[in-house]
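This report covers a single model.

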Amino acid sequence: MSIRLTALALLLSLLGGCSSTVATRPEAPAEDTAAVADAPQEEAPAPPVPERPIPEASVYPLLAAEFALRQRDYPRALQIYLEQAPLLRDPAVSAHATRLAQYLQRENAALEAATLWAEIEPGSSEARDTLATLLIRQGRTPEALPQLAAVARLEGDARFPALLNRFDELPPTEQAALDDAVTALLPELPDSVPLHLTAALIAAERDDPARARARLDEVFDLDPQQHQALLLEARLRMDAGERKPLARIEAVLDAEPDNDRLRLQYARLLARNDMTAAREQFEILSVNNPRDGDILYSLALINEELEDRVAAKAYLRQVLALGQRPDDVYFALGRMAEEEGDLATAIQHYMQVGDGAEFVAANARIGELLLRAGELPRFLGHFATLRQSYPPRSEQLYALQANVLNAAGRTETVLEVLGEGLDAHPGSTSLLYSRSVAYERSGDIAAAERDLRAILEREPDNATALNALGYTLANRTNRYDEARELIARALALEPGEPAILDSMGWVLYHQGEYEQALDYLTRAYAAFPDPEVAAHLGEVLWASGDREGARRIWQGALDEDPEHPVLRATLERLGVDEQP
């Protein structure tokens with residue numbers, strides 16, 4: 001409705017009661033302050049608005065855009081406005097094109113329209129600010145600074161901290177250039193708290209805490225209670241290991257005890273090192289905000305961390321009573337019951353978790369607990385019911401069910417479930433892949449290869465399937481040349497993927513190329529220190545004669561996962577002691 005009204009107002013302003021003119025705003029003349037002060041307090045009549053002709057060819061398209069908006073054909077209306085904006089070069093048209101493109105989430109179109117708007121109407125702070133926002137979203141942050149500077153000159157200040165959005169994605173040279181540009185702007189805008197804060201934030205992002213602290217002192221000189229500055233300084237002091245890193249925040253809270261926004265951040269900072277103190281602050285927040293379920297939920301988690309389960313559960317029940325965060329609450333209650341050994345109650349709580357962020361995790365726990373209790377029929381029935389209740393999740397639930405069964409070592413049932421899943425979802429790559437893994441673990445390499453090749457027939461550049469097939473052939477057959485070719489194709493698609501680096505190292509080892517194998521496996525282990533990768537790297541070191549190096553790698557992996565099956569099997573096969 002608001003879009004249609006805005007569009008109609010725009011059209012009427014363009015037509016101005018006559019289809020042949022466009023009204024444009026005159027530049028405001030400079031005023032003599034003294035003369036204004038002495039003038040009688042009478043409202044002067046508005047000066048006449050100059051008019052210019054609308055190109056005849058634009059009248060019909062503008063009307064067509066209005067009718068498109070009335071019919072909710074927003075893409076068509078946007079297309080017309082984007083075509084007419086550079087022809088008419090009218091600020092109102094460009095502004096409307098920009099807003100409509102933003103509404104439709106057409107970022108490139110919005111940027112195109114906003115660029116023209118700011119060019120046509122350089123004195124519009126809205127145009128400049130909108131253009132800056134769109135530039136930042138597209139990773140063109142350095143180009144946004146001049147726009148924000150223009151806003152500051154027009155309005156007295158601007159949202160300079162927005163420059164930190166996506167700052168970490170900029171190349172180091174662009175980060176340095178933006179840092180220099182912000183610093184160069186400070187003398188022109190010495191009283192701009194957001195600009196000084198931005199300079200401090202950039203220094204912190206560039207790992208220069210001393211300069212960040214110096215910039216923060218300038219912020220505090222202007223605004224001793226600036227929220228973001230207080231939090232940044234506290235983090236910098238905590239990172240430096242200072243004795244009272246939160247002293248400035250505490251002083252502000254002493255002066256403003258009802259500043260809940262700052263107190264919440266203060267409590268979260270305390271939770272890093274002092275859960276008891278954090279609990280005290282959250283309790284204050286809860287008194288001030290008794291119906292805030294997020295605060296009560298945080299108190300529940302803090303009390304659980306402090307091993308006060310009674311208080312934790314009481315707070316969770318309060319959140320439920322408010323009708324807030326039910327999925328989070330039931331999942332937390334289920335986890336607590338499970339840790340207390342009350343598996344039946346845990347399952348009951350997990351079953352209350354709905355179709356939200358905790359849905360998969362909750363049902364994975366239900367499945368594992370049912371299998372642990374030996375209730376396979378109930379397990380199968382539970383997932384069948386879930387698929388009936390949540391049809392869009394059917395494929396995902398088959399995969400989840402298979403994963404739980406696989407973790408429990410029930411290979412035969414895994415294959416039955418995945419077969420049923422593929423009957424229901426014959427085009428499912430994820431289920432085919434899961435079944436190939438199950439076949440490989442059961443020793444049916446031919447069936448595993450068949451499923452992986454079926455994936456590759458449909459998706460020849462599926463790096464995961466290429467790597468899986470290559471690794472399977474290298475690990476379970478002597479078809480090393482074929483395996484190497486497949487893994488090389490996967491590596492070309494994803495050069496830095498640790499799993500593929502590990503596979504390449506493993507096949508090279510089997511081909512006797514130990515030096516190259518060590519290079520790949522070392523890179524894989526550095527990126528992903530997994531016990532299976534450690535088993536492979538250690539074995540190649542062992543075979544190369546570096547027994548001490550192999551023992552160090554294996555010992556580190558054993559410390560992380562003493563019962564890892566691949567690692568254990570490697571040590572047993574090579575005749576290495578359990579404590580190398």
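## Phe 359 in α20

Phe 359 lies in helix α20 (residues 359-372). Helices here are DSSP runs of H or I with at least four residues, strands are E runs of at least two, and both are numbered from the N terminus. At 1% relative accessibility, Phe 359 counts as buried. Buried means under 20% relative accessible area, exposed over 50%, and partly exposed in between (1.4 Å probe, protein chains only). Beyond its neighbours within four places in sequence, Phe 359 is in contact with Val 353, Gly 354, Leu 386, Tyr 390, Arg 393 and Leu 397. Contact means heavy atoms within 4.5 Å. Glu 497 is 138 residues apart from Phe 359 along the chain, and their C-alpha atoms are separated by 29 Å.

## Basis of the model

The model is predicted: local features need pLDDT of at least 70, side-chain atom pairs count only at pLDDT 80 or more, and totals for chains, interfaces and linings use all residues. Residues are numbered from 1 along each chain as its sequence is written, and side-chain values use heavy atoms, leaving out hydrogens and water.

## Nonpolar cores

The largest nonpolar core has 96 residues. Such a core is a set of buried Ala, Val, Leu, Ile, Met, Phe, Trp, Tyr and Cys residues joined through side-chain atoms within 4.5 Å. Phe 160, Leu 163 and Ile 249 have the most contacts inside this core. Its largest share, nine residues, comes from helix α6 (residues 107-120).

Leu 163 is in contact with Ile 136, Thr 141, Ala 144, Leu 145, Leu 148, Leu 178, Val 182 and Thr 198, leaving aside neighbours within four places in sequence. A second, separate core has 73 residues, including Ala 346, Ile 347, Leu 386 and Leu 466.

## An enclosed helix

Helix α14 (residues 260-270) has eight of its 11 residues buried, so α14 is largely enclosed by the rest of the structure. Among the buried residues are Asp 260, Arg 263 and Gln 265. Leu 262, Tyr 266 and Ala 267 are buried too. The cover over these buried residues includes α12 (227-239), α13 (247-255) and α15 (275-288).

## Two helix pairs

The axes of α16 (residues 293-305) and α17 (residues 309-321) come within 7 Å and cross at roughly 165°. That makes α16 roughly antiparallel to α17. Axes are lines fitted to C-alpha atoms, for helices over the stretch in contact, with angles from 0 to 180 degrees between N-to-C directions. Angles over 145 degrees count as roughly antiparallel, under 35 as roughly parallel, 65 to 115 as roughly perpendicular and the rest as oblique. On the α16 side, the contact includes Leu 296, Tyr 297 and Leu 299. On the α17 side, it includes Ala 312, Tyr 315 and Leu 316.

Helices α23 (residues 411-424) and α24 (residues 429-442) have axes that come within 10 Å and cross at roughly 155°. They are therefore roughly antiparallel to each other. Contact residues include Val 414, Leu 415 and Leu 418 of α23, with Leu 431, Leu 432 and Arg 435 of α24.

## Positive phi in two loops

Arg 72 is found in the loop between α3 (56-70) and α4 (74-88). Its phi is near 60°, a positive value in a residue other than glycine. Arg 72 is exposed, at 53% relative accessible area.

Asp 207 has its place in the loop between α10 (193-205) and α11 (209-222). Phi of Asp 207 is near 60°, again positive in a residue other than glycine. Asp 207 is exposed, with a relative accessible area of 70%.
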